[in-house]
Amino acid sequence: MKRKLLNKKGFSLAEMLIAITILLLATGIVTSGIPTAINAYHKVTDFANAQIMLTTTATSLRDELDLAREIEIDDDKSISYVDNNGYICKIYQDENGIEVTKNSNNKTFTQLLVSNSAASKSFYVTYDDVTYEDDVITFKGIRIKKISTDEQVNDTYFEEYKVRLIKSI
């Protein structure tokens, strides 16, 4: 037993301090990269979600308008029309994004063109202008914007998106 107590094998105080210093430096380097990685993750996921929302918007516009008739473009860049069920409808923009209002039998309901769950992920959809000519509705500047900053998500826009109307027989 006395031999073990007299044994001087082990680490000195200086060696322990050097090891702890190296571990602290390595930990500092790793933790300083975490915010950068988190920001990169948010940018990538925002871009992916905005791309999905842009595609969903295009599909929803086509579904909503391809069988429309009696189309009028109003001064406020809204679109009034009658859909294939005979509902009097209007597509317009407000602070929540692009909305659709339908009137039938004195009942009116309004919904976002893109679902509430998609819009609640801090994005909304806008367009700059809309025209109607020769059975084609053209939206110019469809963009996905972040609610918190009101800035466009990079590279998530259609300069021009056209919906060709289907003639009902």
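Modeller: Before we start, one cut-off is needed: a residue is called buried when its relative accessible area is under 20%, exposed when over 50%, and partly exposed in between. This is a predicted model, and at 17% relative accessibility its Asp 46 therefore counts as buried.

Colleague: Which side chain does Asp 46 meet in a salt bridge?

Modeller: The general idea is that side chains of opposite charge can pair when their charged atoms come close. Here the side chain of Asp 46 meets that of Lys 146 in a salt bridge, at 2.7 Å from N to O. Because Asp 46 lies in helix 2 and Lys 146 in strand 8, the pair ties together parts that are 100 residues apart in sequence. Lys 146, at 22% relative accessibility, counts as partly exposed.

Colleague: How many salt bridges does the count come to?

Modeller: The count comes to 6 salt bridges. One of them joins Lys 90 and Asp 74, whose closest N and O atoms are 3.8 Å apart; Lys 90 sits in strand 3 and Asp 74 in the loop between strand 1 and strand 2, so this pair links distant parts of the chain, 16 residues apart. Both partners are partly exposed, Lys 90 with a relative accessible area of 29% and Asp 74 with 24%.

Colleague: How do strand 1 and strand 2 run where bridges join them?

Modeller: Strand 1, residues 69-73, and strand 2 run antiparallel and are joined by 3 bridges, with Glu 72 having Ser 80 of strand 2 as its bridge partner. The two strands form a hairpin with 5 residues between them, and Lys 77 in the turn has a positive phi of about 65 degrees. Strand 2 also pairs with strand 3 in the antiparallel sense, over 4 bridges, and Tyr 81 stands opposite Cys 89 in strand 3. This second hairpin, too, has 5 residues between its strands, and Gly 86 in its turn has a positive phi of about 90 degrees.

Colleague: Which residues of strand 2 are buried on one side and on the other?

Modeller: Ile 79 and Tyr 81 are buried on one side, and Ser 80 and Val 82 on the other, so that both faces of strand 2 are covered.

Colleague: Which residues have the most contacts inside the largest nonpolar core?

Modeller: In soluble globular proteins, nonpolar side chains tend to be buried together. In this model the largest nonpolar core has 28 residues, and those with the most contacts inside it are Leu 65, Ile 79, Tyr 81 and Phe 139. Helix 2 gives the most to this core, with 6 residues. As for Phe 139, the residues that it touches include Leu 61, Leu 65, Ile 79, Tyr 161 and Val 163.

Colleague: Which residues form a nonpolar patch on the surface?

Modeller: Phe 11, Met 16, Ile 20 and Leu 24 form such a patch, with about 460 Å² of accessible area together. Phe 11 has its place in the loop between helix 1 and helix 2 and, at 70% relative accessibility, counts as exposed. Over the protein chain, buried residues make up 31% of the 169 residues.

Terms used:
Residues numbered from 1 in each chain as written. Predicted model: local features only at pLDDT ≥ 70, side-chain atom pairs only at ≥ 80, totals over all residues. Heavy atoms only, no water. Buried < 20%, exposed > 50% of the residue type's maximum accessible area, 1.4 Å probe, protein only. Core = buried A, V, L, I, M, F, W, Y, C linked by side-chain atoms within 4.5 Å. Contact = heavy atoms within 4.5 Å. Patch = residues over 30% accessible without salt bridge, like charges linked within 9 Å, V, L, I, M, F, W, Y side chains within 5 Å. Areas by Shrake-Rupley, 256 points an atom, 1.4 Å probe, with all protein chains shown as cover. Salt bridge = Lys/Arg side-chain N within 4 Å of Asp/Glu carboxyl O. Pairing = 2+ DSSP bridges. Lists of a residue's contacts leave out its neighbours within four places in sequence.
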